[in-house]
Amino acid sequence: MKAKRGTRWAAALLAIVVAAGCGTADGPARDHARSPGEPEVRVERDLPELPLDAYEFSARDHDREETATRRLTQRCMRSYGFRDFPSHWREHQETMAETVTTAAFFTSLYGVLDLDRARRLGYGVDAKEMEAAFGKYSKGRLITQDEEQVLHGEALTEGDHKVKGRTVPKGGCYASSSRRLRAGAKDEQRMLGYVMERRAALDKAVAKDARMRRALDTWADCVADKGFKRYASPEAAFRDKAWGRGGDGRTTRTLRERDTAVADIECKREHNTAGVWWLVTAEKQRRDISRHQASYDAVRADLARVRAAVRRALGE
C-alpha cells in the first residue's frame, strides 16, 4: 500500500528533478553550425516545449491535482468524524524515501545541463533539495492510526467497515478523492499511458537517427579528448556504475566524477548536443501526432476533463 501512495508524488517530482538543471550559462562558447530550427541549448530552460508536452500533465498540473485531492480528502475525513483533519499531514517517512528513489534515476539521452551542479555534485542529486521540494506535503500534523485507517483504507475489511454508520470507500478517503477528480476521463489508462508509450518509442527512434548518432559521436570524441572515458551518450555517462549511486540518488562525488560531469556539459555546449536532440525529437513527435491525431486528441480531451474537475475542487 505504501508504495502506491508515492506514485502521484513521484510523477510530480520527476518534473522537479528535470527542471532542477537550469543552472547558469557559463562555459565554453558554442562551436557548432546549427541546422534550421535547431535551438541553441546551454541550460535546461533553453529547451523549447516539445509537441508531446501538450498531451501530458505538466508539473503544475500534478501539483494542482495533488492540492485538489488533499482538499477533497480533508472533506472526506471530516465527514467520518475527524473534524480537525488537516489539508497537509505527515505519514510514514518511507513513503518519501520511495518517491525520491523513483525520481533520482531519471535522465534523458542528453543527460544533465547544469554546470554548477556538476561541479558540486557530479552526476548525483542533492537529497535535501529534493526533500525540500516536497516540504508542503511533508509538513503538518502527524496523523493517528485511526485516521490512517480511514485515509488509506488500511487494515480494513473492504466493504464491511463502517465509521459513523458509513462504509469507508475502497482505498480510503485519499484514493476515493483521487478517483473523483479523474472520474470524468473516458479512458484514464489511455490518458496516462498512451503518450508515455509513444514517447518511449520515439525516443528509441531519436537515438537511432543519423543526425543524433553524429551528434553523440562528436560529443563522445570531445569528452575523450578532454581525457575522460568515451561514453556512448550523456545518458550512459550519467548512469556509469563507477559513480556509486545510492538508493537516494546521491553519488560518491569523487573528483573524477565531477570533472567528467563538467567535461560532459562543456562538450554539449560546444557542439549543441541537446539542441540537436530537441530538433530531431520535435520532428519525430510532430510526425507521430499527425499519424495518430485521433488518439492524441482523445488524450487531450481527457486531460481537459480532469483539469476542469481540479478547478471545481479548488473552487475556481
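Disulfide pattern to start: counting bonded cysteines along the chain, the pairing is 1-2, 3-4. That is two disulfides in total. Keep in mind that this is a predicted model.

Take Cys76 and Cys173. Their sulfur atoms sit 2.0 Å apart. The S-S torsion is about -65°, so this disulfide is left-handed. It joins distant parts of the chain, with Cys76 in helix H2 and Cys173 in helix H8, 97 residues apart. Cys76 has 14% relative accessibility, under the 20% cut-off, so it counts as buried. Cys173 is at 0% and is buried too.

H2 covers residues 59-79, H8 covers residues 172-182. How do they pack? Their axes are 8 Å apart, at an angle of about 125°. That makes H2 oblique to H8. The crossing of H2 past H8 is right-handed. On the H2 side, the contact residues include Glu65, Leu72, Cys76 and Met77. On the H8 side, they include Cys173, Tyr174, Leu181 and Arg182. By class, the contact has seven nonpolar, four polar and four charged residues.

Next, the other pair: Cys222 and Cys267. Here the sulfur atoms are 2.1 Å apart. The torsion about the S-S bond is about -80°, so this disulfide is left-handed. Again, distant parts of the chain are linked: Cys222 lies in helix H10, residues 210-225, and Cys267 in helix H12, residues 255-271. The separation is 45 residues. Buried or exposed, Cys222? Buried, with a relative accessible area of 9%. Cys267 is buried as well, at 0% relative accessibility.

Notes. Residues numbered from 1 in each chain as written. Predicted model: local features only at pLDDT ≥ 70, side-chain atom pairs only at ≥ 80, totals over all residues. Heavy atoms only, no water. Axes fitted to C-alpha atoms, helices over the stretch in contact; angles between N-to-C directions. Helix = DSSP H or I, 4+ residues; strand = E, 2+ residues; numbered from the N terminus. Parallel < 35°, antiparallel > 145°, perpendicular 65-115°, else oblique. Left-handed = near helix turned anticlockwise from the far one by under 90°. Contact = heavy atoms within 4.5 Å. Nonpolar A, V, L, I, M, F, W, Y, C, P; charged D, E, K, R; others polar. Disulfide = S-S within 2.5 Å. Buried < 20%, exposed > 50% of the residue type's maximum accessible area, 1.4 Å probe, protein only.
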